[in-house]
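Try each task on the structure first, then go through the solution step by step.

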Amino acid sequence: MYNPKSLIAEEFISDEEIRATLEYADQNKNNIELIEQILEKAAPKKTGRGVECAGLTHREASVLLACDIPEVTEKMYALAREIKQAFYGNRIVMFAPLYLSNYCVNQCVYCPYHYQNKEIPRKKLTQEEIIAEVTALQDMGHKRLAIEAGEDPVNNPIEYILECIDTIYSIKHKNGAIRRVNVNIAATTVENYRRLKDVGIGTYILFQETYHKESYEKLHPAGPKHNYAYHTEAMDRAMQGGIDDVGLGVLFGLDMYKYEFAGLLMHAEHLEAVHGVGPHTISVPRVKRASDIDPNVFDNSIDDDTFAKIIACIRIAVPYTGMIISTRENESCRNKVLGLGVSQISGGSRTSVGGYAGYSADERPHDTEQFDVSDQRSLDEVVKWLMDMDYIPSFCTACYREGRTGDRFMSLCKVGQIQNCCHPNALMTLQEYLEDYASPETKAVGEALISREIHNVTNPKVKAKAIENLEVIKNGNRDFRF
Ligand code: SF4
Ligand code: SF4
């Protein structure tokens, strides 16, 4: 029985409800009158408090996704762009993954770290190696990391993860510092989530991979991750453990994308219904080639156009949720989806354990890679590329450090007021990047961008303070935020 308020996985992600949703979407995919109503409901509206969006239910959003009338798709894209502009402007938050360990006891059939892969060398960073990796990441200009580790209670117990986070936050190298550590580790207990909260993590990220239970169990034939309910209910335990910001995601290409899409939105509705706050982010990875993994064996892989449509529909359905794509996607695909709703991207990423320290921008070790990186540009190249397209690369981490998490963050975000912080913070953190890490060419483009964009800070007091801070940053001071 479908119940978004239930804490039982198979009740808030009801297979029956997803199938009924897909049938409803299919029946209405050419129902122009209904589709127009849905688009109208989702459009940004001016209210006394600011700009607000109603979002969509999983059923409504599924109708949009099912519709393949080209003119309607164009309308959807236009609406996704409008929503993106209203809540995220032209800012793109930058981050990098840091792989701590590829030891894993699970047998996920799409991941080269699976237990039975004897081809891949196993590696776990020591604290000294973490210092070297984080120093290299700081030297690139990163301020926000997503740490990744396989599930292995012996090699990667929670104590190891906690120690790594402490080490990462403690490293202050030149003007660099990692100011936010997001964590992507296996589903765990309420107590362990509490311990992660206590060491100051940003977002807890856990990809569902697939919401289709039968497929899930086939794709995870053994190991603790085999347990669909334990995995699917992890975000509830994380929130019970005090983690306010959680990040959802499915690995597109594993099962029917329309099924995954409906499941993903139902999961978001569930978090909102039970905890009063939806997911902080949604990631949209696609299956990639890697050691021992051939993505062609997954016959549900999706093309770039479908991928773009999914992203636009997510943007429309959950306007307040940040959307992340990684360097799994190549430059042209990233280009296409940035305008449709993606708000965070990784840059200069290495997806191997120990992939940063000791390697030049052109060198990348492949031996322990989790997946092929399609976008192999350096962070400086990605930053310049974004600015050439008039996006503002942002290294902002202010909210979590100001205690603006969970519903405190959402209440500001939902009326568009967070922009008053995001925009100047993006410019100030970009200025830091330009001073400390950018190539001369990138710096010149960035200086011109900041001079233009500072005029888009609407609050006069904030604008005056931001201008003052930009000067102080040029004189060597760091770490200002609204
Ligand atoms: S996806 Fe995660 S849990 Fe599964 S094999 Fe890879 S590292 Fe292990
Ligand atoms: S102000 Fe908050 S929401 Fe805006 S970019 Fe910074 S951390 Fe993100």
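**Exercise 1.** In which crossing, left-handed or right-handed, does helix 12 pass helix 13?

*Solution.* Some ground rules come first. The model is predicted: local features need pLDDT of at least 70, side-chain atom pairs count only at pLDDT 80 or more, and totals for chains, interfaces and linings use all residues. Residues are numbered from 1 along each chain as its sequence is written, and chains are lettered from A and ligands numbered from 1 in the order in which they are written.

Step 1: find the helices. Helices are DSSP runs (H or I, at least four residues), numbered from the N terminus. Helix 13 covers residues 304–317, and helix 12 covers residues 257–275.

Step 2: judge the hand. A crossing is left-handed if the near helix is turned anticlockwise from the far one by less than a right angle, and right-handed if clockwise. Helix 12 passes helix 13 in a right-handed crossing.

Step 3: look at the residues. Tyr257, Phe261 and Leu265 of helix 12 touch Thr306, Ile310, Cys313 and Ala317 of helix 13; contact requires C-beta atoms, placed from the backbone, within 7 Å. This contact has 6 nonpolar, 1 polar and no charged residues. In this scheme Ala, Val, Leu, Ile, Met, Phe, Trp, Tyr, Cys and Pro are nonpolar, Asp, Glu, Lys and Arg are charged, and the others, Gly among them, are polar.

**Exercise 2.** Describe how the axes of helix 4 and helix 12 are arranged.

*Solution.* Step 1: take the geometry. The two axes come within 9 Å and cross at roughly 155 degrees. Axes are lines fitted to C-alpha atoms, for helices over the stretch in contact, and angles run from 0 to 180 degrees between N-to-C directions.

Step 1: classify the angle. Helix 4 is therefore roughly antiparallel to helix 12. The classes are roughly parallel under 35 degrees, roughly antiparallel over 145, roughly perpendicular from 65 to 115, and oblique for the rest.

Step 2: Helix 4 passes helix 12 in a right-handed crossing. Helix 4 brings His58, Ala61, Ser62, Leu65 and Ala66, and helix 12 brings Lys258, Phe261, Ala262, Leu265, Met266 and Glu269. By class, this contact has 7 nonpolar, 2 polar and 2 charged residues.

**Exercise 3.** How many residues of domain 1 are in contact with domain 2, and which helix supplies the largest share of that side?

*Solution.* Domain 1 spans 9–78 and domain 2 spans 86–377, with bounds from an automatic or database domain assignment. Their C-alpha centres lie 27 Å apart.

Step 1: count the contacts. In domain 1, 22 residues are in contact with 26 residues of domain 2.

Step 2: assign them to helices. Helix 1 (9–12), helix 2 (15–27), helix 4 (58–66) and helix 5 (70–88) each give at least two residues to the domain 1 side. Helix 4 supplies the largest share, 6 residues. That side of domain 1 divides into 16 nonpolar, 5 polar and 1 charged residues.

**Exercise 4.** Which residues lie around ligand 1, and which around ligand 2?

*Solution.* Step 1: apply the cut-off. A residue is near a molecule if its C-beta atom, placed from the backbone, lies within 6 Å of it.

Step 1: list the shell of ligand 1. Around ligand 1 are Cys104, Asn106, Cys108, Cys111, Tyr113, His114, Gly150, Glu151, Ala186 and Lys225. This shell has 5 nonpolar, 3 polar and 2 charged residues.

Step 2: list the shell of ligand 2. By class, the shell around ligand 2 divides into 7 nonpolar, 3 polar and no charged residues.

Conventions. Two residues are in contact if their C-beta atoms, placed from the backbone, lie within 7 Å.
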